[in-house]
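After that, we'll turn to one helix and its neighbours.

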Amino acid sequence: MSDSNTVVSALSRALHRIRSTPPRIISSPATQPRRAAVALIIRVTPSPAHRASSSTVPSPPPPATLTDFFALDWVNEPGVTTEILFLRRDAPQSEKTVAQNRPRNAEDAHVAFPGGRMEEGDEGGLYTAMRQTWEEIGVDLAEKDFMLIGQLDDREITTSLGKRLLMILSPFVFLQVIPTTPPPDPAPGTDLHWIALASLLASTSRPDVSHKDSTFGARRWTTVTVDVSSRLAPRNSNVLRVLVRMLIGSMQFNAILLDPNSSSTVSTENTGAPKPISEKDVVKNTGRKREALKLWGLSLGMTLDLIAYMKPSSSSFAEDYPRDEVTGLGTSIAPSMTSVFPRFSYPDVNFWIWVFGRRYREVLRSWEASARAGGANDRRINWIGTAVNQYYAAVRKALVVVLVLRAIGILIGLSVGTWWLFSQ
């Protein structure tokens, strides 16, 4: 079986699982009724041979079921490419799009899924995702060219280091069931990037290779730096923001470096394995001046939720995902959660997060015990929300301790300096 057919098989397994698995729905509290929805759009691009042979033949009608789609000849031909759609927005409209941290490095370009906030008159999250997709990229997901697969688990969007809820986000998965993609009409300032799913997957056959300095398959882990002062200090106080930046440093989020050309070609070496891509190559291929496409934050979490369904149920996640600095281990139950948690640029901040992360570790252990026992409680308990709350509670306590220790250190330094100055 070719690599392309392997990915198609994994995608079929994932989409059937999503269709048969009820999503975890989070109700909006009365104090914060805002909701949002996004669309994860997947397509299977036919092989070049099929496109050449079918250019003059009328397209067959779309399949009626998901099983019928994956039974089509052109879907199972060698050379097909499975892709997922990401958007690159030049200037997101904050009142319509989903909240997202801004990278400190101007060269980091954040990608997202089409979607946005629910508006008055929307019939539900599904309607919001379809409406926003039509408004943003001109693609009508209600057409027979697309099939609704199902919904992934709801996610809580928070701010102020997880202390305040902003909105509930509902991700919906769609599959394009025809070989030719309808022509899009993106809004000004919006770029569409079809990224090959194969470039987001990772092999679990090399556990001896470090995640930090290597690429599994074609996946390349990197980081995105976010200024902590943007969360803790007032926007109009530049002095205070500089002081917070000096005392606490910055946050570093895990990210996957995307290759815009991976949807059409994937370079291989003599072994046939995809070649690791460098950040310099990706910057060059975006067509923008020194800009790298990075998948991180909420978009990364939802993408990893999708990828988790593609893996065999007996496969471990620990070999494919960044190390969880709070537990000290990779996680086999929630890579889409722990992979998006930030680290701090100052080691002592990370140390104190670990010290105060006992409850977070207890939540992960309980979650893993529930999953190993068959997951009877997995769908009834908001494990992700509970773990996020406990993680950021540890972060807030750690920051308080660090600031107090910094203040004590400064006072001691000033006292010693004053004593030395007057003693001379």
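Searching the whole structure turns up two cavities of 30 Å³ or more. A cavity here is a set of points, on a 1 Å grid over the protein atoms alone, where a 1.4 Å probe fits but cannot get out, and lining residues have an atom within 4 Å of a point. Grid points are joined across faces, edges and corners, and a volume is the space filled by probe spheres set on the points.

Keep in mind that this is a predicted model, where local features need pLDDT of at least 70 and side-chain atom pairs count only at pLDDT 80 or more, while totals for chains, interfaces and linings use all residues. Residues are numbered from 1 along each chain as its sequence is written, and side-chain values use heavy atoms, leaving out hydrogens and water.

**The largest cavity**
- Its volume comes to about 60 Å³.
- Among the residues lining the largest cavity are Ile41, Phe146, Gln176, Thr181 and Trp194.
- Sorted by class, that lining has nine nonpolar, two polar and no charged residues.

**The second largest cavity**
- This one holds about 40 Å³ of space.
- Its lining includes Pro60, Pro61, Pro62 and Pro63, along with Trp74.
- The class count here is nine nonpolar, no polar and no charged residues.

**Helix α10**
- Val349, Asn350 and Ile353 are buried in helix α10, residues 347-355 (buried means under 20% relative accessible area, with a 1.4 Å probe and protein chains only).
- These residues sit on the same side of α10 because they cover an arc of only 100° around the axis, taking directions from the helix axis to the C-beta atoms.
- The buried residues of α10 pack against α6 (238-248), β13 (343-344) and α12 (383-423), where contact means heavy atoms within 4.5 Å.
- Helices (H or I, at least four residues) and strands (E, at least two) are DSSP runs, numbered from the N terminus.

Notes
On a 1 Å grid over the protein atoms alone, a cavity is a set of points where a 1.4 Å probe fits but cannot get out, and a pocket is an open set with protein on both sides within 12 Å along at least five of seven lines; lining residues have an atom within 4 Å of a point. Ala, Val, Leu, Ile, Met, Phe, Trp, Tyr, Cys and Pro count as nonpolar, Asp, Glu, Lys and Arg as charged, and the others, Gly among them, as polar. Buried means under 20% relative accessible area, exposed over 50%, partly exposed in between (1.4 Å probe, protein chains only).
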